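Me: I should like to learn how to read the packing of helices in a protein model. Could you guide me through this one?

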Amino acid sequence: MARPLNSRVTRQREQLAQTLLRLCQVVDLFAEATGTPATLSSRQRLALAILAASGPLRLTQLAQRLGVSLPTAAQTVATLEQQGFVCRERDPHDRRAVLVAITPEGEAALDANDRRSAVIQQAVIALTDEELDELTRGLTLLLTALLQRLAGLTTTPQPAKTTSPQRRRHISAA
């Protein structure tokens with residue numbers, strides 16, 4: 001029989017939640033590295049959540065809240081804009097400035113993500129201690145294996161530097 005939520009929040013469950021979050025992040029990275037990105041990356045989900053909570057923001061404000069550089073935030077917004085999840089609009093207080101706002105489609109995508117998260121949380125709560133131990137060990141092994149594979153995909157050898165024909169002529173003339 002499942003115990004109430006407040007008595008089930010233990011250090012191990014917190015560790016499992018952190019492992020699951022990290023696993024999702026690694027799956028996103030793995031998908032990007034193999035050229036098959038997920039519908040929403042962790043950063044895109046976070047950007048949508050920030051915009052839903054705060055309302056429209058300037059790109060610089062969104063970058064600060066995401067904890068990323070301005071170019072990274074711009075790339076995130078461009079992808080979300082292509083998917084129809086955000087739009088750019090003029091700042092009514094400064095017509096030179098542009099605000100990024102979440103669209104109804106972005107709200108729907110965020111809601112769908114929240115529903116998936118709630119399902120996972122309820123499933124974790126329903127686990128017995130033995131099941132929780134087993135799942136934690138298994139997910140830790142899975143995360144380690146994915147990180148190792150991701151490291152292999154992202155550490156490709158750099159091509160040897162070649163000298164341009166013009167530079168070769170200059171070197172041979174010297």
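Reply: Let us begin with the whole chain. Of the 174 residues of the protein, 29% count as buried. Please keep in mind that this is a predicted model.

Me: How many helices and strands does the secondary structure contain, and in which pattern do they follow one another?

Reply: The protein has eight helices and three strands. Read along the sequence, the pattern is α-α-α-β-α-α-β-β-α-α-α. As for contacts with a separation of 6 or more, 55% of them join residues 24 or more positions apart.

Me: How is one to describe two packed helices?

Reply: Two packed helices are described by the angle between their axes and the distance between the axes. Consider helix H3 (residues 42–54) and helix H4 (residues 59–66): their angle is about 120°, and their axes lie 10 Å apart. The crossing of these two helices is right-handed. On the side of H3 the contact is made by Arg43, Leu46, Ala47, Ile50, Leu51 and Ser54, and on the side of H4 by Leu62, Arg65 and Leu66. By class, this contact of H3 with H4 has six nonpolar, one polar and two charged residues.

Me: What is the arrangement of H3 and H5?

Reply: Helix H5 (residues 70–82) packs with H3 at an angle of about 85°, the axes being 10 Å apart. H3 and H5 are therefore roughly perpendicular to each other. In this contact, Arg43, Gln44, Ala47 and Leu48 of H3 meet Thr72, Thr76, Thr79 and Leu80 of H5. The classes here are three nonpolar, four polar and one charged.

Me: And at what angle do H4 and H5 pack?

Reply: H4 and H5 pack at about 105°, with 9 Å between their axes. They, too, are therefore roughly perpendicular to each other. Leu59, Thr60, Leu62 and Ala63 in H4 meet Leu70, Ala73, Ala74 and Val77 in H5. This contact of H4 with H5 divides into seven nonpolar, one polar and no charged residues.

Me: How may I check the length of H3, and which of its residues are buried?

Reply: At 1.5 Å a residue, the 13 residues of H3 should span 18 Å, and the end C-alpha atoms are 18 Å apart, which agrees. As to direction, an α-helix has 3.6 residues a turn, so residues three or four places apart point the same way. In H3 the buried residues are Gln44, Arg45, Ala47, Leu48, Ile50 and Leu51. After H3 comes Gly55, with a positive phi near 90°.

Me: Is Ala52 buried, partly exposed or exposed, and which residues does Ala52 contact beyond its neighbours in sequence?

Reply: Ala52 belongs to helix H3. Leaving aside neighbours within four places in sequence, Ala52 is in contact with Ile102, Glu107 and Leu110. Of these, Glu107 is 55 residues from Ala52 along the chain, yet their C-alpha atoms are separated by 7.1 Å.

Me: Is Val77 buried or exposed, and what does Val77 contact?

Reply: Val77 is found in helix H5 and, at 1% relative accessibility, counts as buried. Apart from neighbours within four places in sequence, Val77 is in contact with Leu59, Leu62, Val86, Arg88 and Val100. Val77 and Ala101 are 24 residues apart in sequence and 9.8 Å apart in space, C-alpha to C-alpha.

Methods: Residues are numbered from 1 along each chain as its sequence is written. This is a predicted model: local features need pLDDT of at least 70, side-chain atom pairs count only at pLDDT 80 or more; totals for chains, interfaces and linings use all residues. Side-chain values use heavy atoms; hydrogens and water are left out. Axes are lines fitted to C-alpha atoms, for helices over the stretch in contact, and angles run from 0 to 180 degrees between N-to-C directions. Helices (H or I, at least four residues) and strands (E, at least two) are DSSP runs, numbered from the N terminus. A crossing is left-handed if the near helix is turned anticlockwise from the far one by less than a right angle, and right-handed if clockwise. Contact means heavy atoms within 4.5 Å. Ala, Val, Leu, Ile, Met, Phe, Trp, Tyr, Cys and Pro count as nonpolar, Asp, Glu, Lys and Arg as charged, and the others, Gly among them, as polar. Angles under 35 degrees count as roughly parallel, over 145 as roughly antiparallel, 65 to 115 as roughly perpendicular and the rest as oblique. The expected span of a helix is 1.5 Å times one less than its number of residues. Buried means under 20% relative accessible area, exposed over 50%, partly exposed in between (1.4 Å probe, protein chains only).
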